[in-house]
Amino acid sequence: MPCVHCGFCLPACPTYVRLGDENDSPRGRLYLMQAVVEGRLSPESDAFQTHIDRCLGCRACEPVCPSGVEYGVLLEAARETVYRARKAPAVVAMLLAVFSSRALTNWSMRVARVVRALGLGGLVARRIPRNRLFHPIRFGLAMLEASRERQFGSETATSSGAPIASDGGALDAATSEGETSESAPAWRAGERGRVAILRGCVQAGLFARVNDATERVLRANGYEVIEVSGQGCCGALHTHAGDSMRARKLARANVKALAAAEVDFVAVNAAGCGAALKEYGHLLEADEEYRHTAEALAASTRDISELLAGDSLRVGAPLPVRVTYDAACHLCHAQGVRQEPLAVLGAIPQLVVLPLQDAEECCGGAGTYGITHPELGGDIGADKVSAVLATGAEIVATGNPGCMMQIGAGLLLEGSDVVARHPVELLDESYRRAGFYDGS
Amino acid sequence: MENILPEPLTKKLGDRLRGVVGDAWVIADADRLLAYESDGLTAYRKTPLAVVLPRDTDEVSRVMGILAEEDVPVVPRGAGTGLSGGALANGDAVIVGTARMTDMLELDPDNRLARVQPGMINADLTKAAEPYGLYYAPDPSSQSACTLGGNVAENSGGPHCLKYGVTSRYVTGLTVVTPEGKIIELGGFGREPGGYDLLGLFVGSEGCFGIATEIEVRLLPKPEGVKTLLAIFDRLGDAGAAVTEIMAEGLLPAALEIIDGPTIRAVEASVFAAGFPTDAEAALVIEFDGIEAGLASDVERAVVQCRAAGAREVRIADSEEERLALWRGRKKAFGAMGQIGNDLMVQDGTVPRSKLTEVLARISEIGVRHDLTIANVFHAGDGNLHPNLIFDRSDADELRRVELASTEIMAVCVEAGGTITGEHGVGLDKRRYMSLVHTPDELDAMRDVKAVFDPRGRMNPGKVLPDLPDSAGAAV
């Protein structure tokens, strides 16, 4: 659909709102793309590369576009053009290489876990001086630290005297409350269909606990969960960086592995990966061999909250915590999933959801944005952290590992005790307390 | 109109401007100026010499002072949503944009006043006033994106201006930077100043007198009750007749809008689909607001008039959600035209309400004769028409036919006793029609006023008045 230049996208764009340059707005970027197509602008020009690079890819412009411009698709094409026209920055090139190899991914995640376990990340991050040069290292370490399962709400949440979750596993005391809601229907095992969980790369490497929680809550809600080997990184990082060659390679591997499993649904608990899987049909549309299976896989992909939300969602035990919900861009803008994560939180008695100002605005994480655009990404991230702190919540729930780390790192460096969690982790905890997992 | 090939900004001028606003806020390389070729009316494209984005009155004043010393023409720009080409700059002119001047300077709920920077978005002002039960009344359809500075320049209207009036009724004071860089205060709360009403002159001057850098506006308390109706018609003319009858009945709706068949189908294909029946040829959105008591009887009388005019169905929005959906559909209609065509020219004219049906029929005939799709979505209660002419820029002949049809539509409006613009301004696009509605003496009077504010003719040159040569001497 063509852009008619109405400008309705301008106020929705985090970069335009902060910079005020038309070139940093969706309308301006589309204009640059069009100029390249018309041959009026070189894809090698600094203007094209800088402003296409500076886009977060949050797609907040799509739901406000009356003409239905598919900005995300056009951006990917523009990114591919940029990627071909020049070498990617070294750090980005390295990340793309690492995540396109399963062995390298596993190895780097192992290293990351060791660093995290040693607890050095947080310590070092806070000591590295705040300046531009050190920013990537400082923030990177803080992100790693933020992926740790930090304890939250040690005061409000301990009606039974135990912290809700900690690395030490002090949970058992909390499971005996037996306050299971009367309304919770108990499903027969597996009656709602076979589900494969996309384990992902970062999610599997640093957030295995979210994957485990996803598996448990799916089972508790009547899904049969199938373990599917041979799957890997979804390739979203590559698509967004313009490296569509590697993105397609990764997509093919996933299509092959997941299609063979013959499941009803593929559950994804990372918004960016869910959006990527749902667009596999488009990514592989020129691939005769894979196209149809890719489309079928895309059609069966669901965010975890989509599989859970609904009248049939089981209600767990009370979890008296104050939570605010940040809507990951690739959940609300790219997938149009808005109410479902709130429904997941709604199934937890005594959990209070506090409204977050500009909840649907990007947190500045945006893949490698924090590394490539430390200043602007930092500003956007700082606004999100301030908004979270203003709610008075003790937990910020968000459905994407990148956002959990970005917001978590920002909070950490602010010296705040507020932690970032996936909504499913909270539901899992509520179920654990309700005793849904006893004897399993 | 001839596009002047831009000479690059001289280093000296560039450095002076950067010295005021900072390096990042002077855009001068040719590639980055492409995005500033057009505002909301893409039929015209011109590349400016440079774009400067100052942060406050002081920076605007210093920038304007430098540009005055260098004798460089200036074009103000808000969000670039204007539909008359008012923010287009020739290659020798610098655009001074307000995109970074978005602050609320003062919100005074007790006195129902707000003072804002000109880059603040119209809808953001109402959002800020809402917690106090207040709102800003003028609501151009682009209110989610357009700026208050732009609204002042164009004296913008909007659907609810039928009852509440246009921007000039709400602006109580302005801080203005003159073309020479001087800072002057016009109007202002509590000091209804003696002397000439310069504030009245400035509002609607389309950026030709100076740049408003602070805007003080009046806010209104939100009405106690609101009722919104949707009437569906099988013929556009019947909807026009209903409008005439509703107004003749003595009713004063807050808004009275017509959306025709092609527009309905564009909106319904978009994310802002509001449930307008796609087989209808016209829909009327009618809103009444005010004290709760009495609203029901107004609604009842309007329903009777709609049915008498041939409405096949009249619905009353049950919920606030349904009401907002109708308005979203109506207000996003312009943007939704991309669903049915690549480019569009939104025309803007007014006619007496009693002539609506006749004029709509003539516009439809013009469309048929020039083989163009024309979609109508407009403020019917005001007699303010917005025929949207759909075209494809790459088709030179179609563009030529759009020009012809536009001229004929303007002539029809004027012949019917109306005028060439309701709210989008004259800008670049309408100056050629000015002599249809103004005598040479009237145009001279306007020229004299312009010369008082801008003796050297540096401020938004080539706009509004027809036969002043523009900054490059190119005539339209």
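Biologist: How many helices and strands does the secondary structure of chain B come to?
Modeller: Please bear in mind that this is a predicted model. Both kinds of element occur in chain B, and its secondary structure comes to 16 helices and 20 strands.

Biologist: What radius of gyration does chain B have, and what would a compact globule have?
Modeller: Along its principal axes, the C-alpha trace of chain B spans about 70 × 55 × 45 Å. A compact globule with 476 residues would have a radius of gyration near 23 Å, and the value for chain B agrees with this: 22 Å.

Biologist: What percentage of the residues of chain B count as buried?
Modeller: A residue is buried if 20 or more other C-beta atoms lie within 10 Å of its own. Among the contacts in chain B with a separation of 6 or more, 73% join residues 24 or more positions apart. Of the 476 residues of chain B, the share that counts as buried is 54%.

Biologist: Which helix of chain A gives the most to the side that touches chain B?
Modeller: The contact brings together 27 residues of chain A and 34 residues of chain B. The side of chain A that touches chain B divides into 16 nonpolar, eight polar and three charged residues. With four residues, the helix that gives the most to this side is H2 (residues 26-37) of chain A.

Biologist: How far apart do the C-alpha centres of domain 1 and domain 2 of chain A lie?
Modeller: The domain assignment of chain A gives domain 1 as 10-85 and domain 2 as 172-180 + 313-434. The contact takes 13 residues from domain 1 of chain A and 13 residues from domain 2 of chain A. The C-alpha centres of these two domains lie apart by 29 Å.

Biologist: How far does helix H12 of chain A reach from its first C-alpha to its last?
Modeller: Helix H12 (residues 244-260) of chain A has 17 residues. At 1.5 Å a residue, a reach of 24 Å is expected, and the model comes close to this with 24 Å.

Biologist: Why do the buried residues of H12(A) lie on the same side?
Modeller: The buried residues of H12(A) are A:Ala247, A:Arg248, A:Leu250, A:Ala251, A:Asn254, A:Val255 and A:Leu258. In an α-helix there are 3.6 residues a turn, so residues three or four places apart point the same way.

Terms used: Residues numbered from 1 in each chain as written. Chains lettered and ligands numbered in written order. Predicted model: local features only at pLDDT ≥ 70, side-chain atom pairs only at ≥ 80, totals over all residues. Helix = DSSP H or I, 4+ residues; strand = E, 2+ residues; numbered from the N terminus. Expected span 1.5 Å × (residues − 1). Buried ≥ 20, exposed ≤ 12 C-beta atoms within 10 Å, placed from the backbone. Domains from an automatic or database assignment. Contact = placed C-beta atoms within 7 Å. Nonpolar A, V, L, I, M, F, W, Y, C, P; charged D, E, K, R; others polar. Rg over C-alpha atoms; globule rule 2.2 N^0.38 Å.
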